[in-house]
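Please read the following report beside the sequence and the model. It treats the nonpolar cores and then the strands.

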Amino acid sequence: MTDQGGASRVAVLRALWRRGATATLRRTRHEVWTRLGGPARALPDRAAPAGPFLPCPAGTLPLETPVLARLLAGADRAARPASFATGRPDDAAPWHAVEPYAHGDVRLVWEAARFGVLPALALAARATGERRFLDAAERHLAAFLAACPPYRGAHWASAQEAAIRLIHLVAAGLILGGAPPPGGRALAGLLAARVRATLAYERSLANNHGLVCAAALAGAGAWLGTEDRRRGERILAADLPRLTTAAGGFAQVSTRYHRMALDALAFAALAGASLAAPLRDRLAAMAAWLGRVTDPATGRVPRLGHDDGTALLDATCAGPDDARPSLVRATAAAAAPGESALALAGLGPRAPDPPPGGWADPEGGTAGLRHDGSTLALLRLPGGRFPAGQGDILHLTLMHRGEEILRDAGTWLYNPPAGESDLAGTAHHTTAQWGEADRPTRLGRFLFAAPPRLRRLEASADRLRAACDRHDRTVAVAGDTWTVTDLLAPGATLRWRLPPGTWLRRSDGVEGAAAALSVSADGPVDLRLAQGWDSPRYGERRRIPVLTVRLTGSTRCVVTRIRLP
């Protein structure tokens, strides 16, 4: 019997087993509960509460002039009326009857209802003392409840979406500094109940879903003084060690979702949840991992794995691509847990710059090499503890001064139109491919087969090397030149995915404003400048240049030199 793409049932089971037996049991429990009609009984229709939802500001918070100017510009945009309409035929359906991917890509409509504007409006109200920002936040919440009655429609279909709203609602209240008013308590209670309803399913995914839900409950419970605090703390204590590595890796091998999980954990700690020392150590390790892949000057992080643009707690309006507030928040949470409005907003002492040299987390599936403070090579390792979410074995990203010179394609859409494919396959990564097959084989929307075993790994001050069954890749740096040596099984095609712009074709490679690439080999290769897809942000895609190197005959070794300006 086969699954998607002709994958065997055994391959599916092997991939799922990497999530762990506990996750599989939770998924089974959820399915039994669903078949017995549990969802319909769990959350009957409820009346929407009335405001006010947020406390009045407790004094003012002084902010530096550049931060205040950016905040006020962003808060003015956030104060504009929002639309929560989805255009879906199931807008009035009970939450459990909504199939999120049945009517297009639901992620495109979820963003507006995440309450992401609340922390920025709260911080602007606290920094300026102007009532208009708090009024705008109250209007936003009232408009959501009017358009999306509790437990009806797509905006209530996902527990994680409810958890994100809960995090932003509570964070806004903490930034304002007052006690939650009755309307806020009631709304938080509705959101927490939605999170609790399908916790077994969210935890069964063994990724960001369960951690974000648990962190939301722990932080909200601390703010409200409810039992959700203990419930969330217990889940974090049980799941965080299983979903992270001692070196800071995360089960969902994705820079975007790593940051999301880190922000959620920092929120819980800063909201007053109690995290034992081993959990704070894991939080600190996750922050150190994110710091190693963040460009210190711009805050940009290279794309790796799924990337839908999610950014929690953007209180200072730094934007979804600036990870520096996340690092400030996580550093504060790991060092001194407890409520802090400025730390929750991502303001405070700057995290130290990442050290130069190489590092590796084979359990977590990544290795990196930082050079001269401005350039990073990030390598996706095969093997590791966690399931594969993309066909990106030995993918290499090279980021220079915040720009991805060699790049992952991003995500575009989780649910693309009929006849189109997302960008998770091997052809959309800077690595080797044999024929048209993904490596490893794709099994489902978010699941790939177990990758081959890591056979060799080296990480030093100026060199990375990793090898598996058909591919041995070495990355070395000297001055402004990076050299990538690929030893490959015959018949491979290498792809060097480049930034958009003008690239001049040379006899041995290409040259552009961002870099110059030259290719040599131990035999004949077919060298071409083609095009590929790139998604700069979720829901968008564009064409970019791709230098393809197809090995012919007995060619096995390809050396590519990348000279940076």
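## Cores and strands

Leu-123 and Leu-169 touch the most other members of the largest nonpolar core, which has 121 residues. A nonpolar core is a set of buried Ala, Val, Leu, Ile, Met, Phe, Trp, Tyr and Cys residues joined through side-chain atoms within 4.5 Å; buried means under 20% relative accessible area (1.4 Å probe, protein chains only). Helix H8 (residues 159-176) gives the most to this core, namely 13 residues. Apart from this core lies another of 40 residues, including Trp-496 and Val-510.

The model is predicted: local features need pLDDT of at least 70, side-chain atom pairs count only at pLDDT 80 or more, and totals for chains, interfaces and linings use all residues. Residues are numbered from 1 along each chain as its sequence is written, and side-chain values use heavy atoms, without hydrogens and water.

Five strands form an open antiparallel sheet in the order E1-E2-E3-E4-E5. Its edge strands, E1 (357-361) and E5 (403-406), each pair on one side only. Helices (H or I, at least four residues) and strands (E, at least two) are DSSP runs, numbered from the N terminus; two strands pair if DSSP finds at least two bridges between them.

| Strands | Residues | Bridges |
|---|---|---|
| E2 and E3 | 366-371 and 375-380 | six bridges |
| E12 and E13 | 503-506 and 509-512 | four bridges |

Ala-367 stands opposite Leu-379 in E3, and Arg-505 stands opposite Val-510 in E13. E12 and E13 form a hairpin with two residues between them.

Note on methods
Buried < 20%, exposed > 50% of the residue type's maximum accessible area, 1.4 Å probe, protein only.
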